Amino acid sequence: MSLLFSPLTLRSVTLPNRIAVSPMCQYSVTKEDGVPTEWHLVHLGSRAVGGAGLVIAEATAVEPRGRISPQDVGIWNDEQVAAWKRITAFIKEHGSVPGIQLAHAGRKAIGDWVPVAPTTEPFPGGNTPEKLENHTGIVKAFVDGALRAIEAGFEVLEIHAAHGYLLHEFYSPLTNEGSIEERIAPAVEVTAAVRAAVGPDVPVIVRISGTDWVDNGWTADDSVVLAQALKAAGADLIDVSSGGNTAQADIPIGPGYQVPLAEAVRRKADVPTGAVGLITEAKQAEQILTDGSADLVLLARELLRDPYWPLHAAQQLGVEILAPKQYARAF
(Lines give C-alpha, C1' and ligand atoms only; values in the text may rest on other atoms or scores of the structure.)
Protein backbone atom coordinates (compact mmCIF):
# COMPACT_ATOMS: atom_id res chain seq x y z
CA MET A 1 0.00 0.00 0.00
CA SER A 2 1.46 3.35 -1.03
CA LEU A 3 1.28 6.10 1.58
CA LEU A 4 1.71 8.69 -1.17
CA PHE A 5 -1.57 7.58 -2.70
CA SER A 6 -3.44 7.11 0.56
CA PRO A 7 -6.02 9.73 1.59
CA LEU A 8 -5.29 12.43 4.14
CA THR A 9 -8.15 13.87 6.17
CA LEU A 10 -7.86 17.38 7.59
CA ARG A 11 -11.01 18.29 9.52
CA SER A 12 -13.95 17.89 7.11
CA VAL A 13 -11.81 17.64 3.96
CA THR A 14 -10.22 14.44 2.67
CA LEU A 15 -7.45 14.73 0.11
CA PRO A 16 -7.49 11.79 -2.33
CA ASN A 17 -3.71 11.49 -2.06
CA ARG A 18 -0.80 13.20 -0.30
CA ILE A 19 0.58 15.10 -3.29
CA ALA A 20 0.09 18.86 -3.17
CA VAL A 21 0.86 21.56 -5.70
CA SER A 22 3.03 24.02 -3.81
CA PRO A 23 1.99 27.66 -4.26
CA MET A 24 4.00 29.19 -7.10
CA CYS A 25 3.73 32.83 -8.15
CA GLN A 26 2.87 33.23 -11.82
CA TYR A 27 3.18 37.04 -12.12
CA SER A 28 0.51 36.89 -14.81
CA VAL A 29 -2.11 39.50 -13.88
CA THR A 30 -1.54 41.88 -16.78
CA LYS A 31 -4.25 44.34 -15.68
CA GLU A 32 -2.60 44.66 -12.26
CA ASP A 33 -5.98 44.34 -10.57
CA GLY A 34 -5.41 41.09 -8.68
CA VAL A 35 -8.02 39.23 -10.75
CA PRO A 36 -6.93 35.71 -11.81
CA THR A 37 -6.90 35.11 -15.55
CA GLU A 38 -7.26 32.33 -18.10
CA TRP A 39 -3.61 31.52 -17.38
CA HIS A 40 -4.45 30.70 -13.76
CA LEU A 41 -7.36 28.51 -14.83
CA VAL A 42 -5.17 26.47 -17.17
CA HIS A 43 -2.13 26.40 -14.87
CA LEU A 44 -4.02 25.23 -11.78
CA GLY A 45 -6.56 23.17 -13.68
CA SER A 46 -3.93 21.14 -15.48
CA ARG A 47 -2.41 20.09 -12.15
CA ALA A 48 -5.82 18.86 -11.05
CA VAL A 49 -6.15 16.94 -14.31
CA GLY A 50 -2.67 15.56 -13.58
CA GLY A 51 -3.83 13.97 -10.36
CA ALA A 52 -2.55 16.12 -7.49
CA GLY A 53 -4.68 15.67 -4.39
CA LEU A 54 -4.39 19.30 -3.28
CA VAL A 55 -3.90 22.21 -5.68
CA ILE A 56 -2.81 25.36 -3.82
CA ALA A 57 -3.07 28.65 -5.69
CA GLU A 58 -0.10 30.99 -5.57
CA ALA A 59 0.55 33.61 -2.89
CA THR A 60 -2.69 35.58 -3.01
CA ALA A 61 -2.60 39.02 -1.46
CA VAL A 62 -5.12 39.88 1.24
CA GLU A 63 -4.79 43.61 0.45
CA PRO A 64 -3.33 45.57 -2.50
CA ARG A 65 -0.11 46.58 -0.73
CA GLY A 66 0.37 42.93 0.25
CA ARG A 67 1.12 41.87 -3.32
CA ILE A 68 4.67 40.80 -4.08
CA SER A 69 4.35 42.48 -7.48
CA PRO A 70 1.65 44.36 -9.40
CA GLN A 71 1.14 41.18 -11.45
CA ASP A 72 0.06 39.10 -8.44
CA VAL A 73 -3.42 37.77 -7.75
CA GLY A 74 -5.54 38.96 -4.85
CA ILE A 75 -8.52 38.08 -2.71
CA TRP A 76 -9.59 41.49 -1.40
CA ASN A 77 -12.67 42.21 -3.54
CA ASP A 78 -15.75 40.65 -5.13
CA GLU A 79 -14.42 40.72 -8.69
CA GLN A 80 -11.53 38.50 -7.63
CA VAL A 81 -13.89 36.14 -5.82
CA ALA A 82 -16.02 35.74 -8.96
CA ALA A 83 -12.98 34.93 -11.10
CA TRP A 84 -11.65 32.40 -8.58
CA LYS A 85 -14.99 30.55 -8.54
CA ARG A 86 -14.52 29.28 -12.08
CA ILE A 87 -11.06 27.96 -11.20
CA THR A 88 -12.04 26.22 -7.98
CA ALA A 89 -15.03 24.59 -9.70
CA PHE A 90 -12.76 23.15 -12.39
CA ILE A 91 -10.28 21.81 -9.84
CA LYS A 92 -13.06 20.08 -7.90
CA GLU A 93 -14.65 18.74 -11.07
CA HIS A 94 -11.44 16.82 -11.75
CA GLY A 95 -11.13 15.25 -8.33
CA SER A 96 -8.67 17.55 -6.58
CA VAL A 97 -9.14 19.84 -3.60
CA PRO A 98 -8.63 23.57 -4.25
CA GLY A 99 -6.47 25.42 -1.74
CA ILE A 100 -5.26 29.00 -1.57
CA GLN A 101 -2.24 30.64 0.04
CA LEU A 102 -3.29 33.83 1.81
CA ALA A 103 -0.34 36.19 1.74
CA HIS A 104 1.10 39.57 2.57
CA ALA A 105 4.46 40.52 1.07
CA GLY A 106 5.51 42.99 3.74
CA ARG A 107 8.79 44.71 2.89
CA LYS A 108 9.41 42.39 -0.09
CA ALA A 109 6.68 44.05 -2.17
CA ILE A 110 8.12 45.51 -5.38
CA GLY A 111 5.25 47.69 -6.56
CA ASP A 112 4.96 51.46 -6.71
CA TRP A 113 3.51 51.65 -3.19
CA VAL A 114 5.05 51.95 0.24
CA PRO A 115 5.43 48.49 1.77
CA VAL A 116 4.87 47.79 5.46
CA ALA A 117 6.98 45.75 7.85
CA PRO A 118 8.03 45.49 11.50
CA THR A 119 11.21 47.31 10.47
CA THR A 120 12.15 50.31 8.33
CA GLU A 121 15.12 48.43 6.88
CA PRO A 122 14.40 47.55 3.23
CA PHE A 123 15.04 44.16 1.74
CA PRO A 124 18.10 44.48 -0.54
CA GLY A 125 17.00 46.26 -3.71
CA GLY A 126 13.54 46.99 -2.36
CA ASN A 127 11.62 50.04 -1.20
CA THR A 128 11.96 51.39 2.31
CA PRO A 129 9.02 50.09 4.33
CA GLU A 130 6.80 51.94 6.73
CA LYS A 131 7.10 50.42 10.20
CA LEU A 132 3.91 48.76 11.39
CA GLU A 133 3.30 49.79 14.97
CA ASN A 134 0.07 47.80 15.17
CA HIS A 135 -0.83 44.63 13.26
CA THR A 136 -4.55 44.62 14.02
CA GLY A 137 -5.38 45.74 10.47
CA ILE A 138 -3.25 42.91 9.06
CA VAL A 139 -5.13 40.34 11.12
CA LYS A 140 -8.43 41.71 9.78
CA ALA A 141 -7.13 41.61 6.20
CA PHE A 142 -6.25 37.93 6.55
CA VAL A 143 -9.65 37.16 8.07
CA ASP A 144 -11.48 39.01 5.30
CA GLY A 145 -9.36 37.22 2.71
CA ALA A 146 -10.11 33.85 4.30
CA LEU A 147 -13.87 34.47 4.21
CA ARG A 148 -13.70 35.56 0.58
CA ALA A 149 -11.64 32.48 -0.25
CA ILE A 150 -14.34 30.22 1.20
CA GLU A 151 -16.94 32.12 -0.83
CA ALA A 152 -14.77 31.58 -3.92
CA GLY A 153 -14.88 27.82 -3.44
CA PHE A 154 -11.53 27.09 -1.82
CA GLU A 155 -11.64 24.20 0.65
CA VAL A 156 -8.19 24.48 2.25
CA LEU A 157 -6.57 27.70 3.44
CA GLU A 158 -2.84 28.19 3.81
CA ILE A 159 -1.48 31.20 5.70
CA HIS A 160 1.84 32.34 4.24
CA ALA A 161 4.24 32.96 7.10
CA ALA A 162 7.49 32.13 5.29
CA HIS A 163 10.07 33.31 2.76
CA GLY A 164 10.74 36.73 4.27
CA TYR A 165 7.22 38.01 3.78
CA LEU A 166 5.31 39.94 6.42
CA LEU A 167 4.50 37.31 9.05
CA HIS A 168 8.01 35.84 8.75
CA GLU A 169 9.43 39.35 9.10
CA PHE A 170 7.64 39.61 12.42
CA TYR A 171 8.96 36.38 13.93
CA SER A 172 12.51 36.43 12.58
CA PRO A 173 15.09 38.16 14.82
CA LEU A 174 16.69 39.48 11.63
CA THR A 175 13.80 41.90 11.13
CA ASN A 176 12.12 42.28 14.50
CA GLU A 177 13.00 42.76 18.16
CA GLY A 178 11.59 41.31 21.35
CA SER A 179 11.14 37.88 22.86
CA ILE A 180 10.18 34.94 20.69
CA GLU A 181 6.68 35.08 22.20
CA GLU A 182 6.34 38.70 21.12
CA ARG A 183 7.74 38.06 17.65
CA ILE A 184 5.51 35.08 16.85
CA ALA A 185 2.38 36.85 18.12
CA PRO A 186 1.21 38.22 14.72
CA ALA A 187 1.43 34.82 12.99
CA VAL A 188 -0.34 33.14 15.90
CA GLU A 189 -3.03 35.85 16.08
CA VAL A 190 -3.69 35.64 12.33
CA THR A 191 -4.04 31.86 12.57
CA ALA A 192 -6.38 32.04 15.57
CA ALA A 193 -8.51 34.75 13.96
CA VAL A 194 -8.79 32.85 10.67
CA ARG A 195 -9.71 29.68 12.54
CA ALA A 196 -12.42 31.50 14.49
CA ALA A 197 -13.77 33.14 11.34
CA VAL A 198 -13.99 30.05 9.11
CA GLY A 199 -15.25 27.69 11.79
CA PRO A 200 -14.26 24.18 12.82
CA ASP A 201 -14.60 22.38 9.48
CA VAL A 202 -12.16 24.24 7.20
CA PRO A 203 -8.54 23.02 7.24
CA VAL A 204 -6.02 25.77 7.98
CA ILE A 205 -2.38 25.19 7.03
CA VAL A 206 0.48 27.54 7.87
CA ARG A 207 3.66 27.74 5.79
CA ILE A 208 6.71 28.70 7.83
CA SER A 209 10.39 29.11 7.14
CA GLY A 210 12.02 26.47 9.31
CA THR A 211 15.28 28.40 9.47
CA ASP A 212 16.82 31.62 8.15
CA TRP A 213 20.05 29.70 7.38
CA VAL A 214 22.21 32.43 8.99
CA ASP A 215 23.81 33.00 12.38
CA ASN A 216 21.59 34.90 14.82
CA GLY A 217 18.56 34.22 12.68
CA TRP A 218 15.49 32.05 13.07
CA THR A 219 16.30 28.41 13.87
CA ALA A 220 14.77 24.95 13.63
CA ASP A 221 14.30 24.93 17.40
CA ASP A 222 12.44 28.24 17.15
CA SER A 223 10.18 26.64 14.55
CA VAL A 224 9.13 23.97 17.02
CA VAL A 225 8.03 26.70 19.44
CA LEU A 226 6.13 28.47 16.67
CA ALA A 227 4.52 25.25 15.45
CA GLN A 228 3.28 24.42 18.94
CA ALA A 229 1.71 27.86 19.22
CA LEU A 230 0.15 27.62 15.75
CA LYS A 231 -1.30 24.21 16.57
CA ALA A 232 -2.86 25.65 19.72
CA ALA A 233 -4.27 28.50 17.61
CA GLY A 234 -6.05 26.07 15.30
CA ALA A 235 -3.56 25.15 12.56
CA ASP A 236 -4.02 21.63 11.20
CA LEU A 237 -0.71 21.19 9.38
CA ILE A 238 2.58 23.09 9.22
CA ASP A 239 4.08 23.40 5.73
CA VAL A 240 7.82 23.70 6.43
CA SER A 241 9.91 25.60 3.91
CA SER A 242 12.91 27.82 4.75
CA GLY A 243 14.87 31.00 4.08
CA GLY A 244 13.82 34.14 2.27
CA ASN A 245 14.38 36.84 4.90
CA THR A 246 17.97 37.68 3.96
CA ALA A 247 20.01 37.74 0.80
CA GLN A 248 23.04 36.44 2.73
CA ALA A 249 21.88 32.91 3.53
CA ASP A 250 24.09 29.96 2.62
CA ILE A 251 21.45 27.35 1.84
CA PRO A 252 22.63 23.73 1.40
CA ILE A 253 20.36 23.03 -1.55
CA GLY A 254 20.01 19.39 -2.56
CA PRO A 255 17.33 16.71 -2.93
CA GLY A 256 14.89 16.96 -0.02
CA TYR A 257 17.08 19.52 1.75
CA GLN A 258 14.19 20.88 3.83
CA VAL A 259 12.73 17.52 4.84
CA PRO A 260 14.69 17.36 8.14
CA LEU A 261 13.05 20.63 9.16
CA ALA A 262 9.59 19.18 8.55
CA GLU A 263 10.54 16.04 10.44
CA ALA A 264 11.81 18.00 13.45
CA VAL A 265 8.60 20.03 13.64
CA ARG A 266 6.45 16.92 13.25
CA ARG A 267 8.20 14.98 15.98
CA LYS A 268 8.92 17.72 18.49
CA ALA A 269 5.76 19.80 18.12
CA ASP A 270 3.48 16.78 17.57
CA VAL A 271 1.73 18.35 14.60
CA PRO A 272 1.22 17.09 11.02
CA THR A 273 3.67 18.60 8.54
CA GLY A 274 4.18 19.10 4.84
CA ALA A 275 7.61 18.68 3.27
CA VAL A 276 8.75 20.75 0.30
CA GLY A 277 11.97 21.44 -1.58
CA LEU A 278 13.56 19.45 -4.42
CA ILE A 279 11.21 16.52 -4.10
CA THR A 280 11.30 15.10 -7.61
CA GLU A 281 11.06 11.31 -7.56
CA ALA A 282 8.13 9.07 -6.68
CA LYS A 283 10.18 6.76 -4.43
CA GLN A 284 11.69 9.79 -2.70
CA ALA A 285 8.23 11.19 -1.94
CA GLU A 286 7.02 7.80 -0.71
CA GLN A 287 10.06 7.44 1.57
CA ILE A 288 9.45 10.85 3.17
CA LEU A 289 6.03 9.63 4.25
CA THR A 290 7.05 6.11 5.29
CA ASP A 291 9.93 7.52 7.35
CA GLY A 292 7.45 9.66 9.26
CA SER A 293 9.13 12.89 8.20
CA ALA A 294 5.90 14.45 6.95
CA ASP A 295 2.23 13.77 6.24
CA LEU A 296 2.06 15.59 2.90
CA VAL A 297 4.56 16.28 0.14
CA LEU A 298 4.43 19.52 -1.82
CA LEU A 299 6.00 19.75 -5.26
CA ALA A 300 6.78 22.99 -7.05
CA ARG A 301 9.18 23.09 -10.01
CA GLU A 302 8.77 19.37 -10.68
CA LEU A 303 5.07 19.99 -11.30
CA LEU A 304 5.93 22.84 -13.63
CA ARG A 305 8.03 20.42 -15.63
CA ASP A 306 5.43 17.67 -15.50
CA PRO A 307 1.82 18.52 -14.58
CA TYR A 308 1.06 14.79 -14.76
CA TRP A 309 3.72 13.79 -12.22
CA PRO A 310 1.13 12.16 -9.92
CA LEU A 311 -0.10 9.88 -12.70
CA HIS A 312 3.47 8.93 -13.60
CA ALA A 313 4.35 8.42 -9.92
CA ALA A 314 1.42 6.05 -9.51
CA GLN A 315 2.69 3.96 -12.42
CA GLN A 316 6.19 3.86 -10.90
CA LEU A 317 4.87 2.80 -7.51
CA GLY A 318 2.50 0.22 -8.95
CA VAL A 319 -0.61 2.05 -7.85
CA GLU A 320 -3.71 1.97 -10.02
CA ILE A 321 -5.38 5.36 -10.24
CA LEU A 322 -7.73 6.59 -12.90
CA ALA A 323 -6.57 9.23 -15.34
CA PRO A 324 -9.23 11.57 -16.72
CA LYS A 325 -11.32 9.70 -19.27
CA GLN A 326 -10.06 12.02 -22.00
CA TYR A 327 -6.48 10.83 -21.26
CA ALA A 328 -7.18 7.24 -20.26
CA ARG A 329 -5.76 5.74 -23.46
CA ALA A 330 -2.35 7.19 -22.58
CA PHE A 331 -2.26 5.56 -19.14
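## A buried charged pair

Glu158 is buried, and Arg207 is buried as well. In this predicted model, the side chains of Glu158 and Arg207 meet in a salt bridge, with an N to O distance of 4.0 Å. The pair links distant parts of the chain, since Glu158 lies in strand 8 and Arg207 in strand 9 (residues 204-209), 49 residues apart.

## Annotated span

The UniProt record, an unreviewed entry, lists residues 4-317 as "domain: NADH:flavin oxidoreductase/NADH oxidase N-terminal".

In soluble globular proteins, nonpolar side chains tend to be buried together. Here the largest nonpolar core has 78 residues, and those with the most contacts inside it are Trp84, Phe142, Val194, Ile238 and Trp309. A second, separate core has 14 residues, among them Val13, Leu54, Val276 and Leu296.

When neighbours within four places in sequence are left aside, the contacts of Trp309 include Leu4, Ile19, Thr280, Ala285 and Leu299, together with Glu302 and Leu303.

## Surface features

Ile251, Ile253 and Leu278 make a nonpolar surface patch of about 250 Å². Ile251 is found in the loop between strand 10 (237-241) and helix 7 (259-269), and counts as partly exposed because its relative accessibility is 31%, which falls between the limits of 20% and 50%.

Pro124, placed in the loop between strand 6 (116-117) and strand 7 (130-131), is exposed, with a relative accessible area of 54%. The C-alpha atoms of Pro124 and Ala247 are separated by 7.1 Å, although these residues are 123 apart along the chain.

## Further salt bridges

The count of salt bridges comes to 12. In one of them, the side chains of Glu155 and Lys92 meet at 3.7 Å, N to O. This pair also links distant parts of the chain: Glu155 is in the loop between helix 3 (136-151) and strand 8 (156-161), while Lys92 is in helix 2 (residues 78-93), 63 residues apart. Both partners are partly exposed, Glu155 at 29% relative accessibility and Lys92 at 35%.

Arg305 and Glu302 form a salt bridge at 2.8 Å, N to O. Because they are 3 residues apart in helix 9 (residues 301-305), about one helical turn separates them. Arg305 is exposed at 54% relative accessibility, whereas Glu302 is buried at 16%.

Terms used
Residues are numbered from 1 along each chain as its sequence is written. This is a predicted model: local features need pLDDT of at least 70, side-chain atom pairs count only at pLDDT 80 or more; totals for chains, interfaces and linings use all residues. Side-chain values use heavy atoms; hydrogens and water are left out. UniProt positions are given in the numbering used here, feature names are shortened, and annotations may be inferred rather than shown by experiment. A nonpolar core is a set of buried Ala, Val, Leu, Ile, Met, Phe, Trp, Tyr and Cys residues joined through side-chain atoms within 4.5 Å. Buried means under 20% relative accessible area, exposed over 50%, partly exposed in between (1.4 Å probe, protein chains only). Contact means heavy atoms within 4.5 Å. Patches are made of residues with over 30% relative accessible area and no salt bridge: like charges are joined within 9 Å, nonpolar side chains (Val, Leu, Ile, Met, Phe, Trp, Tyr) within 5 Å. Accessible areas come from the Shrake-Rupley method with a 1.4 Å probe; for residues, only the protein chains shown count as cover. Helices (H or I, at least four residues) and strands (E, at least two) are DSSP runs, numbered from the N terminus.
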